[in-house]
Amino acid sequence: MLILHEEAFYAMKDNTIIMLILCLLLPPVAVFLKSGVGTPLIINIILCIFFYVPGIVHALWVSFK
């Protein structure tokens with residue numbers, strides 16, 4: 001059983017790293033993967049068009065809240 005928990009931990013850690021990279025490079029994609037098509041995605045696209053850094057912050061907030 002301990003081996004299964006370690007594998008789940010490493011899988012979760014890898015997923016977190018991938019989401020962090022997506023948030024930094026492609027914030028709308030990260031928001032889409034986390035929340036789907038909806039208001040958060042539209043807000044993130046608008047933030048990224050006008051100001052890229054707030055789009056990154058919003059993607060991090062949506063992905064890791």
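## Two annotated stretches

Over residues 16-35 the chain is 95% helix and 0% strand, with its end C-alpha atoms 15 Å apart. Residues 41-64 are 96% helix and 0% strand, and here the end C-alpha atoms are 15 Å apart. Helices (H or I, at least four residues) and strands (E, at least two) are DSSP runs, numbered from the N terminus. Both stretches carry the annotation "transmembrane region" in an unreviewed UniProt entry; UniProt positions are given in the numbering used here, feature names are shortened, and annotations may be inferred rather than shown by experiment.

Please keep in mind that this is a predicted model, in which local features need pLDDT of at least 70 and side-chain atom pairs count only at pLDDT 80 or more, while totals for chains, interfaces and linings use all residues. Residues are numbered from 1 along each chain as its sequence is written, and side-chain values use heavy atoms, with hydrogens and water left out.

## The chain as a whole

The protein chain has 4 helices and 0 strands, giving the pattern α-α-α-α when read along the sequence. Of its 65 residues, 25% count as buried (buried means under 20% relative accessible area, exposed over 50%, and partly exposed in between, with a 1.4 Å probe and protein chains only).

The accessible surface comes to about 4,900 Å², and 78% of that belongs to carbon and sulfur atoms. Accessible areas come from the Shrake-Rupley method with a 1.4 Å probe, and for residues only the protein chains shown count as cover. Among contacts (heavy atoms within 4.5 Å) with a separation of 6 or more, 49% join residues 24 or more positions apart.

## H3 against H4

How do H3 and H4 run relative to each other? The axes of helix H3 (residues 39-50) and helix H4 (residues 52-64) come within 6 Å and cross at roughly 155 degrees, so the two helices are roughly antiparallel. Axes are lines fitted to C-alpha atoms, for helices over the stretch in contact, and angles run from 0 to 180 degrees between N-to-C directions. Angles under 35 degrees count as roughly parallel, over 145 as roughly antiparallel, 65 to 115 as roughly perpendicular and the rest as oblique.

On the H3 side, the contact involves Pro40, Ile43, Asn44, Leu47, Cys48 and Phe50, which meet Tyr52, Pro54, Gly55, His58, Ala59 and Val62 of H4. The residues of this contact divide into 9 nonpolar, 3 polar and no charged. In this scheme Ala, Val, Leu, Ile, Met, Phe, Trp, Tyr, Cys and Pro count as nonpolar, Asp, Glu, Lys and Arg as charged, and the others, Gly among them, as polar.

## H2 against H3

The axes of H2 and H3 come within 9 Å and cross at roughly 175 degrees, so this pair is roughly antiparallel as well. From H2, the contact uses Pro27, Pro28, Val31, Phe32 and Ser35; from H3, it uses Pro40, Leu41, Asn44, Ile45 and Cys48. The contact of H2 with H3 divides into 8 nonpolar, 2 polar and no charged residues.

Pro27 sits in helix H2 (residues 27-35) and is buried, with a relative accessible area of 1%. Not counting residues up to four places away in sequence, Pro27 touches Leu22, Asn44, Cys48, Tyr52, Gly55, Ile56 and Ala59. Leu47 is 20 residues from Pro27 in sequence, and their C-alpha atoms are 9.7 Å apart.

Cys48 belongs to helix H3. Is Cys48 buried or exposed? Cys48 is buried, at a relative accessible area of 16%. Leaving aside neighbours within four places in sequence, Cys48 is in contact with Pro27, Pro28 and Gly55.

Ser63 is placed in helix H4 and is buried, with a relative accessible area of 6%. Which residues does Ser63 contact, leaving aside its neighbours within four places in sequence? They are Met19, Cys23, Ala30 and Lys34.

Thr16 lies in helix H1 (residues 2-25) and is partly exposed, with a relative accessible area of 36%. Thr16 and Phe64 are 48 residues apart in sequence, yet 8.7 Å apart in space, C-alpha to C-alpha.
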